[in-house]
Amino acid sequence: MSFDKQVRVTPELYDYVLDHSLAPDPAQRAVIERTRGMGGLAQLQVPAEQGALLTLLSGVVRPRVAVEVGTFTGYSALCIAKGLASDGRLLCCDVSEEWTDIARETWREAGVADRIDLRIAPALETLDALPSHPHIDLAFIDANKDGYISYWEALVPRMRPNGLLIADNVLYDGQVLEPNGDPTPAAVHAFNEHVKADRRVEPVMLPVADGITLARVKALDED
């Protein structure tokens with residue numbers, strides 16, 4: 001395969017990308033700064049360019065029902081909520097009261113708290129309790145990597161035809177090529193192979209941030 005179109009992203013070019021993308025609003029900037037103060041944990045937050053992409057994708061889909069698996073301090077949920085349909089709602093799954101307390105505060109400040117339903121419980125329990133028929137328009141997976149396949153299998157049958165599934169960290173800092181016995185990149189690699197073999201979806205993997213997979217859910221009468 002040719003790499004002629006690949007560009008090495010320097011810090012200067014990265015700043016250029018951010019300068020020419022949808023900028024975070026005041027509420028988003030506030031949670032970015034607050035999360036940055038958490039030290040190493042801040043890396044769990046999606047970067048600004050990925051947040052802009054989530055808002056764009058949500059705005060294109062205009063979901064009435066959206067689901068996020070892994071919420072942390074609420075930045076990605078806020079990005080998705082900005083693109084919801086006028087009557088749309090976002091279900092967020094997380095297990096941390098401490099981190100999601102920041103999320104709740106962020107959503108209140110942004111004026112979207114009434115459109116987000118946060119469930120503090122193991123995500124698979126929350127997903128399995130949802131109606132089994134296709135009703136979800138958009139789903140974002142960004143949680144423990146060893147659970148990705150289970151989350152995927154809980155979500156795909158519940159996605160409407162042409163619904164959009166998004167999975168984060170699918171390159172895992174490049175370690176998916178050689179997991180070397182590390183269970184986390186090995187789990188991500190297994191998930192990537194699972195998605196690749198899934199005939200129910202049309203996936204594309206993009207080298208955005210730590211890697212992101214977008215997958216359109218096919219209608220039942222499609223091959």
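How much space lies in the largest cavity? I looked that up to begin with, keeping in mind that this is a predicted model. I noted about 40 Å³ for the largest cavity. My search of the whole structure for cavities of 30 Å³ or more came back with one.

**Entry: the cavity lining**

I then asked which residues line the largest cavity. I wrote down Leu 22, Ala 23, Pro 24 and Gln 28, then Ala 48, Gly 51, Ala 52 and Thr 55, and lastly Tyr 75 and Cys 79. Two elements give two or more residues to this lining, namely helix H3 (48-61) and helix H4 (75-81). I see that H3 gives the most, with four residues.

**Entry: the cysteines**

Is Cys 79 buried or exposed? I find Cys 79 buried, with a relative accessible area of 1%. How many disulfides does a search of the whole structure find? My tally is zero. For Cys 79 I can say why: the closest cysteine sulfur, in Cys 92, is 11 Å away, and that is too far for a bond. A disulfide would need the two sulfurs within 2.5 Å. Cys 92 is in no disulfide either, as its nearest cysteine sulfur belongs to Cys 93 and is 7.4 Å away. I also marked Cys 92 as buried, at 0% relative accessibility.

**Entry: salt bridges**

Next I turned to charged pairs. Side chains of opposite charge can pair when their charged atoms come close. I count 11 salt bridges, and I picked out a few to follow.

Lys 82 and Asp 25 meet through their side chains, at 3.3 Å from N to O. What does this pair tie together? I placed Lys 82 in the loop between H4 and strand S2 (89-94), and Asp 25 in the loop between helix H1 (11-19) and helix H2 (26-36), so the bridge links parts that are 57 residues apart in sequence. Lys 82 is partly exposed at 36% relative accessible area, and Asp 25 is partly exposed too, at 22%.

Lys 145 pairs with Asp 142, with 3.5 Å between the closest N and O atoms. Here I found both Lys 145 and Asp 142 to be buried.

Glu 222 and Arg 216 form another salt bridge, at 2.8 Å from N to O. I list Glu 222 as partly exposed, with 32% relative accessible area, and Arg 216 as partly exposed at 22%. I also came upon a network: Glu 153, Asp 198 and Arg 200 are joined by salt bridges that share partners.

**Entry: backbone angles**

My last stop was the backbone. Most residues other than glycine have a negative phi. Asn 162 has a phi near 75°, and I found Asn 162 in strand S5 (residues 159-168). Asp 173 has a phi near 55°. Where is Asp 173 placed? I traced Asp 173 to the loop between S5 and helix H8 (183-197). Asp 173 is exposed, with a relative accessible area of 64%.

Conventions: Residues numbered from 1 in each chain as written. Predicted model: local features only at pLDDT ≥ 70, side-chain atom pairs only at ≥ 80, totals over all residues. Heavy atoms only, no water. Buried < 20%, exposed > 50% of the residue type's maximum accessible area, 1.4 Å probe, protein only. 1 Å grid on protein atoms, 1.4 Å probe; cavity = no way out; pocket = protein on both sides within 12 Å on 5 of 7 lines; lining within 4 Å. Points joined across faces, edges and corners; volume = space filled by probe spheres on them. Salt bridge = Lys/Arg side-chain N within 4 Å of Asp/Glu carboxyl O.
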